[in-house]
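Please read the following report alongside the sequence and the structure shown below. It begins with a single residue and then widens to the elements around it and to the chain as a whole.

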Amino acid sequence: MSETSDAQNNLVSLTTSDPVSETSPSSEAAPQPFAERLSDQLQHIIGVLIGANRKPPRRFKSFLNGTWLRHPLHALLTDIPVGSWVLTAIFDILWLISPGTFAWAARGAEVAVIFGILGALAAACTGFADWSDTYGSERRVGLNHAIFNSSALVLYIVSLALRFTQASGDSIIAAVVGFIGLGVMSYAAYLGGEMVFTKGTNVNHTAWEVGSDAFEEIMPVEQVEENKLYRVMVSGVPVALLRQGLQFYAISATCSHAGGPLDEGSLEGDVVQCPWHASRFCMRDGRALTGPATANAPRYDVRVQNGQVEARRAGGH
Ligand code: FES
């Protein structure tokens with residue numbers, strides 16, 4: 001087989017991928033109409049509030065997603081209510097064992113409840129922003145996750161109100177309401193884990209891509225038109241290739257957010273926008289510019305040798 005035909009075979013035909021079918025296998029139970037309607041309405045309202053349909057750069061939404069942090073912000077913030085409310089339970093148990101000896105624990109519990117409530121509110125904002133880009137079964141699990149977390153939040157607000165009515169800062173009823181809240185929050189946390197570890201929500205979809213130090217031929221240079229995205233394979237990995245003048249840029253063709261095909265996205269200068277949830281990446285260095293993506297796209301070195309465009313995964317693969 002000639003070099004040219006080898007290179008041509010590296011071109012992968014473009015296919016329109018459907019994010020709904022990616023995330024909602026047909027084998028799953030039929031959705032509950034009410035839950036789906038509720039989710040549709042909620043996602044619409046959230047989208048309006050966070051500016052999901054505004055023109056780029058959609059800074060507020062990207063801030064909530066954690067694009068600036070290169071990490072989902074929600075995952076960080078959830079530690080605050082979890083830690084605070086576990087601490088609340090420990091303080092409450094100490095106070096219940098011996099209110100006289102551990103009178104300070106009642107105050108500690110009060111402060112921990114407040115920290116937990118503030119953290120839960122922040123986590124809710126970021127969580128809803130992430131959830132607004134989900135579909136199918138992961139959206140359903142996410143809705144339940146939100147309902148249980150909101151219930152836990154309400155329980156802790158009630159618990160705090162009861163504590164404020166006591167001079168000591170604590171009461172048996174407030175502690176019991178807190179224990180119930182902890183149980184509800186724990187189940188919500190389980191559902192959050194289900195989303196990430198079973199459904200793959202917000203997992204970096206390029207995490208397992210690997211590369212080689214050696215350049216590989218991709219295609220003849222005369223076949224590469226300017227300002228057009230090509231889907232090519234490098235070391236078995238789909239890569240989006242772009243030519244602008246004498247410059248060639250290449251990044252992973254898989255969107256780090258949920259696996260959308262970047263080579264099917266829209267191009268504005270050297271920035272490509274994912275066709276699924278509108279994350280934007282710089283073709284020059286793979287930087288994630290706009291959420292919901294938080295992880296950068298792996299970048300590829302590109303060169304032209306003997307009339308062939310060649311590429312290899314850039315360092316750190
Ligand atoms: S797959 Fe969600 S923005 Fe690309």
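Predicted model: local features only at pLDDT ≥ 70, side-chain atom pairs only at ≥ 80, totals over all residues.

Leu 96 belongs to helix 6. Although 79 residues separate Leu 96 from Ala 175 in the sequence, the C-alpha atoms of Leu 96 and Ala 175 are 8.5 Å apart in space.

## The pairing of helix 6 with helix 7

Two packed helices are described by the angle between their axes and by the distance between those axes. For helix 6, which covers residues 79–97, and helix 7, which covers residues 103–131, the axes come within 8 Å and cross at roughly 160°. Because angles over 145 degrees count as roughly antiparallel, this crossing makes helix 6 roughly antiparallel to helix 7. The crossing in which helix 6 passes helix 7 is left-handed.

On the side of helix 6, the residues that make this contact include Ile 80, Pro 81, Trp 85, Leu 87, Phe 91, Asp 92 and Trp 95. Helix 7 contributes, among others, Ala 105, Gly 108, Ala 112, Val 113, Phe 115, Gly 116, Gly 119 and Ala 123.

## An open antiparallel sheet

Strands of a sheet pair through backbone hydrogen bonds, in either a parallel or an antiparallel manner. Here, an open sheet is formed by 4 strands in the order 5-6-7-8, with antiparallel pairing. Its edges are strand 5 (266–268) and strand 8 (288–290), each of which pairs on one side only. On average, and with direction ignored, neighbouring strands of this sheet are turned by 30° against each other.

Within the sheet, strand 7, made up of residues 280–282, runs antiparallel to strand 8 and is joined to strand 8 by 2 bridges. Phe 281 stands opposite Ala 288, a residue of strand 8.

## The chain as a whole

The secondary structure of the protein chain amounts to 9 helices and 10 strands. The chain has 317 residues, of which 42% count as buried.

Conventions. Residues numbered from 1 in each chain as written. Pairing = 2+ DSSP bridges. Axes fitted to C-alpha atoms, helices over the stretch in contact; angles between N-to-C directions. Buried ≥ 20, exposed ≤ 12 C-beta atoms within 10 Å, placed from the backbone. Parallel < 35°, antiparallel > 145°, perpendicular 65-115°, else oblique. Left-handed = near helix turned anticlockwise from the far one by under 90°. Contact = placed C-beta atoms within 7 Å.
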